[in-house]
Amino acid sequence: MNAPQLERRVVMAQLLEERGSLLAVTGLGATAWDLASLSDSPHDFPLWGAMGGAAMFGLGLALAQPDRSVVVFTGDGELLMGLGALSTIAVTRPPNLSVVVLDNERYGETGAQPTHTAAGVDLAAVARACGFERTITVREESGIPALRAGLHAGESPLLAVVKVALTADPMTLPPRDGTYLKNRMRAALLGPTAIYE
Amino acid sequence: MSEPVSTFQNPAGTWSLAVYDVLKAQNVRLVPFVPDGGHRGLIEHCQADPDMRAVTLTTEQEGVALAAGAWVGGVRSVLLMQSSGVGNCINMLSLLKTCQMPLVILVTMRGEWGEFNPWQVPMGQATPEVLRAMGVLVQRVDDPELLPGEVDAALRLAYSTYSPVAVLLSQKLLGAKKFGGSK
């Protein structure tokens, strides 16, 4: 297999085109910096820690907001830390949740050590085995539009693995204050009175 | 040697319905759990309620992140686990502390009063300290009569002060687990 050519920020930008009210959660590290380089919106919740928790955070948001679509962008290392979440999501079966793994096969924040996906662990196959009815692996730009459409509509959760190049992107930091991120999204979803609750 | 048969009797009837009523009154709609015998009755009440969602987890830390996301979306959760599961949550609890997320965790205790299994003792004994070290407020309950009121108070505390609160259901309250092979 040739080395992946897709650039993670180009992919994320294409997937978030005309995003409407799509809610975006990220795992810690590169996916958070990627989102911050593109967007700083009340509909964004970049995690700065809680490694292994991004997909489950997205599940909670999707269950609480069934009329909105939620996408979790995370990395292969982050998802591998909480792999059981794939089975919990598949069994819970939220139709409005997508998990997009920007898979560079490396722990990119810590020195590019290979993750298990570099050795062949196939996260889309894991998701299928857990019961995900919609899985997709994208290696070429031609696969992006169908994935983008899938984030907005479906009858069951979606797991996408996008194989991306190992790149050194400028670090763009989202807001660090978790209470700000929380209150900003709650006010956007629940109305301005939410912060008085 | 055959597997010992658990003779643990869940004292569900005595308090689980009253605790379920408190969750309903306080508008809890999501109940993630890793099962424990002590939680059995409460889990079944929540599963039977079409307005509640009980979510089985593979590990307790999933429930912390799930509840955090749900709260941002406007839904209250109560997370159920055994004391051994508290150790599985440690780093994930940073999410609640950093974002000042309210959450009530009901923890059935092992490794204390009348414990049979030595492997339960380390985490059971460390549970209150581990929770406090991660910024979780701790209420311990020994008397089943007081439990519904304690859960109600924990929910008020959590949602009024944006704090995670753990209610520890002591092994004395639950009744120590016994195995067929025990003397």
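This is a predicted model: local features need pLDDT of at least 70, side-chain atom pairs count only at pLDDT 80 or more; totals for chains, interfaces and linings use all residues.

**Stop 1: where the chains meet.** Colour chain A and chain B separately and look at the boundary. There, 29 residues of chain A are in contact with 27 residues of chain B. The two chains bury about 2100 Å² between them, and 64% of that is on carbon and sulfur atoms. Now select A:F57, A:K182 and A:R186: this trio supplies 24% of the area that chain A buries against chain B, more than any other three residues. Next, show α3 (54–64), α5 (84–92) and α8 (178–190) of chain A, the elements that each give two or more residues to this side. By class, that side of chain A has 16 nonpolar, ten polar and three charged residues.

What links the chains in polar terms? You'll find seven residue pairs in polar contact across the interface, but zero salt bridges between chain A and chain B.

**Stop 2: inside chain A.** Select A:D34 and A:R8, a salt bridge with its closest N and O atoms 2.7 Å apart. A:D34 sits in helix α2 and A:R8 in helix α1, 26 residues apart, and both are buried.

Then try A:D103 and A:K163, another salt bridge at 2.7 Å. A:D103 is in strand β4 and A:K163 in strand β8, so the pair ties together parts 60 residues apart in sequence. Both residues are buried.

**Stop 3: over to chain B.** Select B:D142 and B:R140, which meet in a salt bridge at 3.6 Å. B:D142 is partly exposed at 40% relative accessibility, and B:R140 is partly exposed at 43%.

Definitions and conventions. Residues are numbered from 1 along each chain as its sequence is written. Chains are lettered from A and ligands numbered from 1 in the order in which they are written. Side-chain values use heavy atoms; hydrogens and water are left out. Contact means heavy atoms within 4.5 Å. Buried area is the accessible area (1.4 Å probe) that two parts lose on being put together, summed over both. A salt bridge is a side-chain nitrogen of Lys or Arg within 4 Å of a carboxyl oxygen of Asp or Glu. A polar contact is a pair of N or O atoms within 3.5 Å; within protein, one must be able to donate a hydrogen and the other to accept it, and residues adjacent in sequence count only if both atoms are side-chain atoms. Helices (H or I, at least four residues) and strands (E, at least two) are DSSP runs, numbered from the N terminus. Ala, Val, Leu, Ile, Met, Phe, Trp, Tyr, Cys and Pro count as nonpolar, Asp, Glu, Lys and Arg as charged, and the others, Gly among them, as polar. Buried means under 20% relative accessible area, exposed over 50%, partly exposed in between (1.4 Å probe, protein chains only).
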